[in-house]
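Subject: Structure for you to look at, with notes on helix packing

Dear colleague,

Please find below the structure I mentioned, with its sequence.

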Amino acid sequence: MRDALRRIVQPPIRQHNVEYCFVSSPPPRMRIMRFMLSLRLLTNALFLILTLALSACQTPPLDVARSANGHEVHIAHINDHHSNLEAHANFEISLDGVATRVTLGGFPRLTTLFRQYSSLPNLLKIHAGDAMTGTLYHTLYTGEADAALMNTVCFDAFEIGNHEFDEGDSGLRRFLDHLRADSCRTPVLAANVEPAIGSPLAPHKAHGYLQPYVSKRLDGLTVGIVGIEVRGKTMNSSRPLPSTRFLDEIETARQAIDELRARGIRHIVLVTHQGYAADLAMAAQLSEVDVIVGGDSHTLLGDFSALGIGAASGPYPTVVRNLDGDPVCVVQAWEYAKAVGLLKVSFDDQARVLACSGEVTLPIGDDFRQQDASGQFTAVDATRRQQILERLATRAGGLRVVNPDPLAAAELARYASRLDDMKRQRIGVADEALCLVRVPGESTNRSSGLAGCENANQLARGSDIAQAVAEAYRQASKLADIALQNAGGIRNALPAGEVTFNTAYTVLPFTNVLYEFQLSGREIVSVLDDALANHLDRGGSDGSHPYAAGLRWNLDMSQARGSRLTNLEVKRKASGQWQPLELDSTYTLVTSDFLASGGDGYTALAAIHRAGRSVNTYLNYTQTFVDYLLARGELRRPIATEYSHKSVRTRSGQALP
């Protein structure tokens, strides 16, 4: 208490409606006044403690009603838009049981929703990270287009994601320079990221680009907003400088909350980029946290089963309890500029959460296509269109017709014009959809809305598109018996129909090249064990899950490391025949430089790479896939015997079909 009495919070500096608070010593007279005030507060606090002790055994339910004297905060939020600025055409949903294709999302529609929410009291606008990497808008503009569209919203806080480091600290700084060039001056958060002084993100001082937290004064209350970046995944799966430190997420959050509380800020929002499951676990380990706005796991919360968009990962909002036993509201808003979450949090006069409610909105256009007698999707007639619009008007949440914001649409058009020629060039045709899966049996269907991929996540074969990409690598290498691809390196499924350059660069948006290795069978098994252990044992990204061309196995994820992979078979390039993998024989393996350098937990491969046992082919991995399509003309799913997963048992022991 003596230290607290020596401090006083000076009037805040205001920027972008955010207050940056500084602490200094008060004058002597003020110290006396504060001491007298503290005695009075201490007396009141003792009375309050006695009162609470009488009712300590009665923990309030999570859905307790809001008091009439409480305060409300609204939070509109997105995450993981990954340079998806345009709307998603032909997104398939179910309307009253009828398969219907619509135009979904796009950043200008998100901007419209944020503008519509601007009249709500005490509104915070938040982006929970992974703005970059995913489409040609990033390939060509390296963050400039994303920043321009984000500035049509003017976020109150942006928490960086792991993919913001895909092009290193310099690439992130380039993006943030574009973001801060606008009058919005969006605060960029990352409490547990510490760039070295003199590095791109801290050229002159520690918080040159990244702030640990900010506070925002609303009507009647002040909210502290803390940013937390996923540590291991960013270090292992992206390319930050070795000098940039990543601190423990929970310890850093605890310290930031304590600092804000010491400054008298009693309403705490964490903006995290670490995944839904990690958010739930974090809430239980922290005191005083009220809200967690998350990203990274691309989680769609809420029940959208009536629209045919898979099973819910959890309710929106998900309400859990913090270390104090008080409610915490946890939210996330899917991916790829498809959705906006809107959360309302009610607080009592003691700054505790009383209740939280809200919904995720999927903004769509007013064009609807349904199957005609021949099975083709065609525009509905005027009568049917009016029926659909009337039905949507009565639907409680979820799906809404939203017009693109004109200013955001004009900004997008400015960047789109330079992409048109490149995007339109055809490189092949997909006879069927190639579905995207990370880990077979995962709960989220990453190919939701794509015809032919309705239950792709529950099939043993896993990712069709990862298999096709691996086969492209294997063909591009003249020596490779085996091509290895991590699940997270594939960013989108491949829809049936014409394949363009845009499609290829959406599937493979990074700037990787291919390396060849001479490995023993024993070393190959060790590499695969590393990949599985990264997400099954170490809590790392499930993007490490392995797929291969020229190599197949039986997988049992319920077993311990060393016993998960059995009956491994390899197809030698020279013979073209499947035969058992021999531990002491040598094979040529081709993979990306990302895995070669140890990305996604491929530590055994990195050690071999550092020992000089790899050769750079200088083949760009996306161009390799483009060349593969150009040579084939047509693309289909691999035949069943070519998939790397011959059989799969999940972590719970369930055998997948």
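In what follows, contact means heavy atoms within 4.5 Å, and helices (H or I, at least four residues) and strands (E, at least two) are DSSP runs, numbered from the N terminus. This is a predicted model, in which local features need pLDDT of at least 70 and side-chain atom pairs count only at pLDDT 80 or more, while totals for chains, interfaces and linings use all residues. Residues are numbered from 1 along each chain as its sequence is written, and side-chain values use heavy atoms, with hydrogens and water left out.

Next come the helix pairs, for which axes are lines fitted to C-alpha atoms, for helices over the stretch in contact, and angles run from 0 to 180 degrees between N-to-C directions. Angles under 35 degrees count as roughly parallel, over 145 as roughly antiparallel, 65 to 115 as roughly perpendicular and the rest as oblique.

Helix H13 (residues 464-476) packs with helix H18 (residues 621-632) at an angle of about 90 degrees, their axes being 9 Å apart, which makes H13 roughly perpendicular to H18. On the H13 side the contact is made by Ile465, Ala468, Val469, Glu471, Ala472, Tyr473, Gln475 and Ala476, and on the H18 side by Tyr621, Thr624, Phe625, Tyr628 and Arg632.

For helix H3 (residues 107-117) and helix H11 (residues 406-416), the axes come within 8 Å and cross at roughly 155 degrees, so H3 is roughly antiparallel to H11. Pro108, Thr111 and Arg115 of H3 make this contact with Leu407, Ala408, Ala409 and Leu412 of H11.

Finally, helix H15 (residues 521-536) and helix H17 (residues 603-610) have axes 7 Å apart and pack at an angle of about 130 degrees, which makes H15 oblique to H17. Here Glu523, Ser526, Val527 and Asp530 in H15 meet Thr603, Ala604, Leu605 and Ile608 in H17.
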